[in-house]
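Q: I am new to this structure. Please take me through a single part of it, slowly enough to follow.

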Amino acid sequence: MILIVAEKRSVAQAIARYLGGTYKVEKIYGVSAYRFLYGNREAVALGLSGHIMDYDFTARQNVWSWLPPEELFKTSPILVLREEAIKYVRALRSLARKAEEVYLALDADSEGEAISYEVALVVRLVNKNVKIYRVRFNAVTYKDIKIAFQNPTKLDLKQVEKVFSRMQIDLTLGAVFTRFLTLTVRDLLEKGQFLSYGPCQTPVLGIVVTRELQRRNFKPEKYYVIKAVVEIRGYKIEMSADVRFKTRKEAEAVATTIKRGVVKAAIYRPHYIQPPEPLETVELERRASRWLGINSKKTLDIAEELYRAGYISYPRTETTIYPPTLNLREILQELIRGEHSRYVEELLLRGFRPTRGDSDDGAHPPIYPTKGATKSEIYKTFGKIGDNAWAIYDFVVRHFLATLSPPAQVEKQKIVVDFGKIQLEVEGQRTIDEGYWRIYPWERQSDRPLPRVYVGDEVHAIKVEVVERETEPPPPMSESELLALMKKYGIGTDATMQDHIYTNIKRGYMKLQKGKCIPTKLGETLAITLFQYTPELIEPTVRARIERAIQGIVKNGISPNRLIQEIKSEFEKYYNDLKKHRDEIRRALETVLNSKARERSGTY
DNA sequence: GCAAGGTC
């Protein structure tokens, strides 16, 4: 018998379908397994649910009050089976005993490599002589799967070492600093409450708090601008000078000279606005937060439901290029059943060319609809979450259609008038062809057209005024901007970025209000304290530094143990810095934790 | 009870 192990149920099922044609579903310890004939041999495809192993410290080391946190720098966590994966491990063992060959068909990324290794460990324990192969495919399509199984390879142990190193580093740093912070203010915390640190969650908090402080410390400055209504060829046009004056006096001195002028530039230039690139997870989350008012965690949860019900493709991806094996025409034909049938038919008739981004994660395609559906069908299928399910589904459909649509075409307009001492200008825009805006209204730009004037036209000012303005603080950090910054700094992955925001909310460090991230007093104090004594722990580049370091295991053959040791000793220094200021840290946190305690008991 | 990464 041939055993095939996939990272998720849907992939195991697809493999059975593509390699076997037909298959039978069977439940083993509650886990779906797909039996089929591969050529003339019996085969079973088993789908896991991600990792089956994890790192942990020993039971003794996990008694927080007994072990000084810094002791964790001196040991290494051990690899253990995950309790929540026990049924998968049982199914795996039972099938592996009877297998002659095992194919590790996990995702083609480093996590998939690590999970492959975990599977191999379990398999070897129950079947010493079984042959184990690794197969890699970049898309779950007939062609990719077929080719992958004809070209089995070996495990890439460097990738495995990299992932296991990150797990150990993250757990050690997380545990040491979480326990230190918690134990420092232990008596001030509620039952079950703790103060966490993590190399992703904490820099996220740092970004949000930094913005909040910039806003609070912002000193607005007055400045003065010149606005005017002028007449050209009988048209009345509002114009302004692209100059900020420090005082009203200076501005007025210039304003009084504005009488007669001449058109220096009159530009009417066609401009194309390209439709969006194929959809990846973080863009879905950002756009849903901005345009649909659904936060990133909820968006991913709903996308997951839509995926499981077969309406959209796998929602965790960083890829923005449609794979050549994806039949876009077929998807369009399927979408005729949905709410945009006329638009879809038009696309099919007129022909289309997809947009293309520049990233390919090697494991999953961009997010696209896999089934056409009407609004009422989605509402019926998703019951209570119908509203949001429809919003997200319809967004994915529209985004997909947009990527196949023509660009919008506008005329960019600009008039510049020379008044001798100063130039006034105005910009305008007129839509020539709506293009993809018809299906993607969120990017639609409104018209503010200018009349046609010509270089050399005479101009005279009808009204000139000096307007007082104030410089403005940066806006509160929106969830959408935060996600973009996390991506820029390499904090988290497509699948986890929303988790790191949510962790901060769960810990009481920040809130999400109307798409804006607002730090709480506790979050603010924690961040400020860390910035003060150990900025290295909270600056946004921490994560990228760790990622770069572990990448050295793959790229430069650096020994994982040496690398882990180096990182641990670096962070041990930060730990000692923090420890020196234990009293100050306690005093700072005391004020916010105490006020919370007072609020609870109702005494002030 | 700590993290971040898979996945449900």
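Which residues does UniProt list for "domain: Topo IA-type catalytic"? Please look closely at the salt bridges as well.

A: UniProt lists residues 156-575 for "domain: Topo IA-type catalytic", in an unreviewed entry. UniProt positions follow the numbering used here, feature names are shortened, and annotations may be inferred rather than shown by experiment.

This is a predicted model, where local features need pLDDT of at least 70, side-chain atom pairs count only at pLDDT 80 or more, and totals for chains, interfaces and linings use all residues. Residues are numbered from 1 along each chain as its sequence is written, chains are lettered from A and ligands numbered from 1 in the order in which they are written, and side-chain values use heavy atoms, without hydrogens and water.

Over residues 156-575, the chain is 45% helix and 18% strand. The end C-alpha atoms of this stretch are 34 Å apart. Helices (H or I, at least four residues) and strands (E, at least two) are DSSP runs, numbered from the N terminus.

Now the salt bridges. Side chains of opposite charge can pair when their charged atoms come close. A salt bridge here is a side-chain nitrogen of Lys or Arg within 4 Å of a carboxyl oxygen of Asp or Glu. The whole structure holds 40 of these salt bridges.

Take Glu-443 and Arg-287. They form a salt bridge, and their closest N and O atoms are 3.3 Å apart. Glu-443 sits in the loop between β13 (423-433) and β14 (458-470), and Arg-287 in helix α8 (residues 281-292), so the pair ties together parts that are 156 residues apart in sequence. How covered are the two partners? Buried means under 20% relative accessible area, exposed over 50%, and partly exposed in between (1.4 Å probe, protein chains only). Arg-287 has a relative accessible area of 12%, so Arg-287 is buried. Glu-443 is partly exposed because its relative accessibility is 22%.

Next come Arg-438 and Glu-346. Their salt bridge has its closest N and O atoms 3.1 Å apart. This pair also links distant parts of the chain: Arg-438 is in the loop between β13 and β14, Glu-346 in helix α11 (residues 341-350), 92 residues apart. Arg-438 is partly exposed, at 39% relative accessible area. Glu-346 is partly exposed too, at 30%.

Some salt bridges share partners. Through them, Glu-111, Arg-166, Asp-170, Arg-543 and Glu-547 join into one network.
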